[in-house]
Amino acid sequence: MFVVLLAGTANAQPVGVEIVQYGLYRSDVVDKQRDVAGVTHNVIDNICHLATTEVVPMKIGVHFGVRYKVTGPVAGQRVLLKKVLRYPTVMASPTRSASSMVVNFVELPVGTTSYTEYALEQPWELASGAWTFQFFERDRMLAEFRFTVAEDATVAESNEPICFQLSS
């Protein structure tokens, strides 16, 4: 389930985020970058949407996420978005301290469609329950989408995946 929240005056359309696709994906990891908090972020390419689902199988190698569009009154205006991923349990990796969320920032122009995902790559990441992607402009929530990761989940993948490139 996703919610798009917008607030503003009657005359001005505020910046927003619209979830345009969600589910399971396949992507190639072309690089890994560690942020100042010790969180490793994958740089990905060759992204393909495999299934539209809110339920995610809890197993190594599964990628799940959302494609989203930045909306607003001025096409091309750059917007700083805070992306938050909340997961159901406090996790700690060998390289960072325990936490229950990952936060990062991205600056995108209004009108851009982008993508964010989480890939279950390590045994310590296998946590069942609600995983929530949230998008903010400063402290104002623009959208959120919740997945349920479940040990017994099975999802039928499309025989004709929809592949795309990031627009930024």
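Partly exposed describes a residue whose relative accessible area falls between the two cut-offs, under 20% for buried and over 50% for exposed. With 45% relative accessibility, Lys32 therefore counts as partly exposed. Keep that in mind for the views below, which come from a predicted model.

Figure 1. Let us start with an overview before zooming in. The chain has 11 strands and zero helices, and its pattern along the sequence reads β-β-β-β-β-β-β-β-β-β-β. Of its 168 residues, 43% count as buried. Among contacts with a separation of 6 or more, 72% are made by residues 24 or more positions apart. The accessible surface comes to about 9,000 Å², and carbon and sulfur atoms account for 51% of it.

Figure 2. Side chains of opposite charge can pair when their charged atoms come close. Lys32 belongs to strand β2 (residues 16–34) and Glu121 to the loop between β8 (113–119) and β9, so the pair ties together parts that are 89 residues apart in sequence. Glu121 is partly exposed, because its relative accessible area is 30%.

**Figure 3. Arg78 and Glu107 bridge strands β6 and β7.** The side chains of these two residues meet in a salt bridge of 3.6 Å, N to O. Arg78 sits in strand β6 (residues 78–93) and Glu107 in strand β7, so parts that are 29 residues apart in sequence are tied together. How exposed are the two partners, Arg78 and Glu107? Arg78 counts as partly exposed at 48% relative accessibility, and Glu107 is partly exposed too, with a relative accessible area of 44%.

Figure 4. Glu137 forms a salt bridge with Arg140, and the closest N and O atoms are 2.8 Å apart. Glu137 is buried, because its relative accessible area is 16%, whereas Arg140 is partly exposed at 23%. Salt bridges that share partners join Glu137, Arg138 and Arg140 into one network.

Figure 5. A pair of aromatic rings is described by the distance of the centres and the angle of the planes. The whole structure holds 13 aromatic pairs. One of them joins Phe64 and Phe133 edge-to-face, with 6.1 Å centre to centre and 85° between the planes. Phe64 lies in strand β5 (residues 63–71) and Phe133 in strand β9 (residues 129–137), 69 residues apart, so the pair links distant parts of the chain. Both Phe64 and Phe133 are buried. Tyr68 and Phe135 make a tilted pair, 4.5 Å centre to centre with 45° between the planes. This pair also links distant parts of the chain, with Tyr68 in strand β5 and Phe135 in strand β9, 67 residues apart. Tyr68 counts as buried at 0% relative accessibility, and Phe135 has a value of 0% as well and counts as buried.

**Figure 6. Eight aromatic residues gather, and two charges lie over rings.** Tyr22, Phe64, Tyr87, Tyr118, Trp131, Phe133, Phe145 and Phe147 form one aromatic cluster. Elsewhere, Arg67 lies over the face of Phe164, at 3.7 Å from the ring centre. The charged end of Lys82 sits over the ring of Phe136, 5.1 Å from its centre.

Figure 7. Which residues make the nonpolar surface patch of about 360 Å²? They are Leu80, Met101, Val103 and Phe105. Strand β7 (residues 96–109) gives the most to this patch, with three residues. Phe105 has its place in strand β7 and counts as exposed, because its relative accessibility is 54%.

Figure 8. Look for Glu157 in the loop between β10 (140–150) and β11 (162–164). With a relative accessible area of 47%, Glu157 is partly exposed. Leaving aside neighbours within four places in sequence, Glu157 is in contact with Leu50 and Ala51. The C-alpha atoms of Glu157 and Thr52 are separated by 8.5 Å, although the two residues are 105 residues apart along the chain.

Technical notes:
Residues numbered from 1 in each chain as written. Predicted model: local features only at pLDDT ≥ 70, side-chain atom pairs only at ≥ 80, totals over all residues. Heavy atoms only, no water. Patch = residues over 30% accessible without salt bridge, like charges linked within 9 Å, V, L, I, M, F, W, Y side chains within 5 Å. Areas by Shrake-Rupley, 256 points an atom, 1.4 Å probe, with all protein chains shown as cover. Salt bridge = Lys/Arg side-chain N within 4 Å of Asp/Glu carboxyl O. Helix = DSSP H or I, 4+ residues; strand = E, 2+ residues; numbered from the N terminus. Buried < 20%, exposed > 50% of the residue type's maximum accessible area, 1.4 Å probe, protein only. Contact = heavy atoms within 4.5 Å. Phe/Tyr/Trp six-rings, centres within 6.5 Å; stacked < 30°, edge-to-face > 60°. Lys NZ or Arg CZ within 6 Å of the ring centre and 35° of its normal.
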